[in-house]
Amino acid sequence: MHMMLYRGSLKSCNYDCSYCPFSKHSAGEEELAQDRDQWLSFVKDYRTRSERLGIRALMLTPYGEALIHPWYWEGLAQISALPWTEAVGAQTNLSFAAAKQLEFFEANGGILEKLRLWATFHPQMTTVTAFAGVCGQLAAKGIRMCAGAVGVPEHIELFRQLRKELPQEIYLWVNRMDGLGRPYTEQEVQAFSDIDPYFYRELVWHPANAAECEGRYFVEAGKGMRLCNLSMGVSCKRKRCSCYLAYGGRKQLVNDLLFGPWPLFRIPRRPRAAFLDIEGTLLPMQAELFQALEVLAVRERTLLFFATTLPFAEAARRCRGFWHLFAGGVFAGGAHMLVKETASTERRECFHLLPEGCVLYLEQLCRMFFCRMLAYRNGAGDCYKITLLRTRRRPWDCFEAEKLMKRLPQEYQLRYMIEGHCMQLVAAGADKETGVKKICGWLGLLPKECFAAGDSSEDAGMVKWITASFT
């Protein structure tokens, strides 16, 4: 699913902030007419272009304030009405008449459920109470949004007050202040982090990686299409992504996990539970991902679960650095499900056991297939997984795996997974999707309340089951 950002030729704003160059420019009728014509022309072409490119979301990122002009609401309404559009929105200072413009949006065919707003608080132009009041008014109408401002150290108390007055569900972000002229102090970082749990992302270097920007488009009126707001064309030669519109829109697990399929709107996903593969997804563990998991587990109270083909003990060994953040998981390819006892969950555990006699039967086949066997058992001594291990110079292939399976009695009902020189055998009814469903059933979780990620065919079922609930 792809997303497009649009920036018109509008370079004027109704606010007069001392630090902003766009407040110094007053647009004349001719300039506004040009911006209007460019936008409506873009909207007209968008239907064909978006369907062809697979674009499912659009966001306005104007230099000035766009939503005080009715033509932007008209165009957003038309785009939201397209059946393949999932989200439309804009960056805004919220200075428009909320009730009037929402009514105008709906009158032009706009769908409120698809509207997203990124609201910026300007302390020189409005008060905390007034800004929070508009946010509350929009939230009451069901508008999904975020709010925030530049992290000026002198405004920390204002931010604290704003956090108290905003509806709790609205995420309050803090952008790094580029013109500060010095690093933030430890006390300032802590204060902003208490307000915005993801403030750490503003303080780290994000190396540019154009491979992660596939499917993202930035259109600036009169300048054609670019890769993003920082790139100069359809390719990227930058060393780093220096703002959220750049690093927040990249196809990364962190962005998807924290902010959903359209992370550039900066509205947190906040899943009640997340199921994550280990090899190739969590490992190798990146510092930013670890911080994200820590915020989710500790501050957002998200239940984190592993979903892995590894048995419990091996998963614990490889993930010991962040094991404490997880509430259990689906292990051994779905043959072992565990929910640990936590402040919010009771301990639950179950296994898909292998048939009696299976171990002895497979032992007899090991010599024929040049392998040795590892049997994994639960506390009661029952076997729930078997690994047929070869040397790394002689990996398994599907032909030999199928040949072995045909030698097993049909009543055994097993399935296999090939992982290089290892052939894993579990009960036919055991897989990650079934395990995730079992844990969700224990905890009373709906698939739309969850998140899942993995990078192999073993993960496809659980990911599809959860993502299908969003379509």
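Student: Which residues on the other side of helix 11 are exposed?

Tutor: This is a predicted model. On that side of helix 11, L360 and Q364 are exposed. Exposed means over 50% relative accessible area, so L360 and Q364 are above that cut-off.

Student: What makes C358, V359, L362, L365 and C366 in helix 11 buried?

Tutor: Buried means under 20% relative accessible area. These five names, within residues 358-366, are classed as buried, so their values are under that cut-off.

Student: How do you know that they are on the same side of helix 11?

Tutor: They cover an arc of only 120° around the axis, and that puts them on the same side.

Student: What do the buried residues of helix 11 pack against?

Tutor: Their partners include strand 14 (372-377), helix 12 (398-406) and strand 17 (422-427). Contact here means heavy atoms within 4.5 Å.

Student: Why is strand 5 called largely enclosed?

Tutor: Five of the seven residues of strand 5 (residues 144-150) are buried, so the rest of the structure largely encloses it.

Student: What makes strand 4 and strand 5 a pair?

Tutor: Pairing needs at least two bridges. Five bridges join strand 4 (residues 115-120) to strand 5, and the two run parallel, so they pair. R144 in strand 5 is the bridge partner of R116.

Student: Why is the crossover from strand 4 to strand 5 called right-handed?

Tutor: The chain goes from strand 4 through helix 4 (residues 128-140) to strand 5, and this β-α-β crossover is right-handed. The word applies because, with the strands pointing away from the viewer, the path over the helix runs clockwise.

Note on methods:
Residues numbered from 1 in each chain as written. Predicted model: local features only at pLDDT ≥ 70, side-chain atom pairs only at ≥ 80, totals over all residues. Heavy atoms only, no water. Buried < 20%, exposed > 50% of the residue type's maximum accessible area, 1.4 Å probe, protein only. Helix = DSSP H or I, 4+ residues; strand = E, 2+ residues; numbered from the N terminus. Arc of directions from axis to C-beta.
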